[in-house]
Amino acid sequence: MSIESLPMLLAALLLGVACGAQSFLVVHRRLAFMGHGASHGMIAGVGLALYMHWPVFPIALVTALLFSLGVGMLPRRDDLSSDSAIGILLAAAVAFGLLLSSVHNHVHDDCGGGHLEEFLVGSLDQVLLGDVYFLCALALLVLMLLVSFWQQILLFLFDPEGARIAGLPVRLMHLGSLAILAVTIALAMKIAGVLLVGALIVMPSATAGLFSNRATSVVIWSILLGAVTSIIGAAVAVNFDLSPGPIIVLLLFGVFLGARLFGQRDN
């Protein structure tokens with residue numbers, strides 16, 4: 001392992017912290033399908049960026065934000081369930097991205113900007129120093145919000161009506177959490193890939209919930225699981241020149257399976 005690989009490992013560690021910290025909200029707000037939808041919805045942005053030879057990350061970020069906020073607002077306006085809204089937008093976004101990618105491959109011979117397949121499972125070679133700065137800011141923001149507004153977040157998660165009566169801006173908290181989740185998914189795309197990003201924001205808390213019933217313990221376990229599996233997966237990927245996304249997800253799945261079979265929950 002060389003000194004050049006340190007930014008990649010640091011990026012993976014910060015991503016694990018950011019995903020682990022948000023995993024508790026995603027699981028208890030039942031946003032797992034939303035996370036998968038937003039990550040797969042980025043295929044539209046990636047396909048458009050590749051076709052136009054634009055930078056991929058900003059377009060993918062805008063796509064993830066539009067998807068998340070669109071899902072957050074559609075059910076309220078059109079009396080459409082969240083699952084239906086996600087299913088419709090996800091299918092349209094994937095179809096749009098695949099169509100543009102297919103046209104791009106036929107029209108352009110220079111393969112400028114890469115292929116869609118490169119963004120499906122992630123690659124540490126795509127990680128730049130600027131990504132480390134963005135991930136560091138994101139991880140700090142998420143941890144700061146959790147620490148500063150922990151009681152309000154718990155009320156928002158487990159008693160939304162009570163939170164509304166107490167004067168909390170429930171609608172703003174909902175859309176704000178979706179926006180932060182979309183940014184996280186976009187930043188995770190390079191490391192975990194579009195297809196596997198969703199697992200990083202679901203499996204840490206789902207596993208941590210098998211260790212403890214206490215919300216604080218679940219969040220701490222979730223952050224630790226996200227961080228440890230991400231940096232181990234990235235280190236293995238660097239050493240053996242593999243894609244980090246599948247390794248990280250399989251590590252998380254292994255821990256989840258072990259906890260499910262042998263774990264004992266504290267009280």
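1. Where is His53 found? This residue sits in the loop between helix 2 and helix 3, the latter spanning 56-78. The model is predicted, and the points below should be read with that in mind.

2. Stay with His53 for a moment. Its phi is near 60°, a positive value in a residue other than glycine. Most residues other than glycine have a negative phi. The relative accessibility of His53 is 37%, so the residue counts as partly exposed.

3. A second residue with a positive phi is Asp241. Its phi is near 55°, and Asp241 is not a glycine either. The residue lies in the loop between helix 11 (215-240) and helix 12. Asp241 counts as exposed, because its relative accessibility is 65%.

4. Move on to helix 2, which covers residues 32-52. Ser39 is found in this helix. Is Ser39 buried or exposed? Ser39 is buried, with a relative accessible area of 0%. Its side chain makes a polar contact of 3.3 Å with the side chain of His40. Leaving aside residues up to four places away in sequence, Ser39 touches Ile185, Val194, Val197 and Gly198.

5. Helix 2 also packs against helix 4 (residues 82-107). Their axes are 7 Å apart, at an angle of about 25°. That angle makes helix 2 roughly parallel to helix 4. The crossing of the two helices is left-handed.

6. Which residues form this contact? On the helix 2 side they include Phe33, Met34, His36, Gly37 and His40. Further residues from helix 2 include Ala44, Gly47, Leu48 and Tyr51. Helix 4 contributes, among others, Asp83, Ile86, Gly87, Leu90 and Ala93.

7. Another helix pair is helix 5 (residues 129-148) and helix 8 (residues 170-192). Their axes come within 11 Å and cross at roughly 145°. This crossing is left-handed. From helix 5, Asp131, Phe134, Leu135, Leu138, Val142 and Leu145 take part. They meet Ile180, Val183, Thr184, Leu187, Lys190 and Ile191 in helix 8.

8. Now the cysteines. How many disulfides are there? The count comes to zero. A disulfide is a covalent bond between the sulfur atoms of two cysteines. The closest cysteine sulfur to that of Cys19 is in Cys136, 15 Å away, which is too far for a bond. The cut-off for a disulfide is 2.5 Å between the sulfur atoms. Looking from Cys136, the closest cysteine sulfur is in Cys19, again at 15 Å and too far for a bond.

9. Cys19 counts as buried, at 1% relative accessibility. Cys136 is partly exposed, with a relative accessible area of 33%.

10. Last, a residue beyond helix 12. Gly263 lies in the segment after that helix, which covers 244-262. Gly263 counts as partly exposed, because its relative accessibility is 33%. How far apart are Gly263 and Met52? In sequence they are 211 residues apart, and in space 50 Å, from C-alpha to C-alpha.

Methods. Residues numbered from 1 in each chain as written. Predicted model: local features only at pLDDT ≥ 70, side-chain atom pairs only at ≥ 80, totals over all residues. Heavy atoms only, no water. Buried < 20%, exposed > 50% of the residue type's maximum accessible area, 1.4 Å probe, protein only. Helix = DSSP H or I, 4+ residues; strand = E, 2+ residues; numbered from the N terminus. Polar contact = N/O pair within 3.5 Å; in protein donor to acceptor, adjacent residues only side chain to side chain. Contact = heavy atoms within 4.5 Å. Axes fitted to C-alpha atoms, helices over the stretch in contact; angles between N-to-C directions. Parallel < 35°, antiparallel > 145°, perpendicular 65-115°, else oblique. Left-handed = near helix turned anticlockwise from the far one by under 90°.
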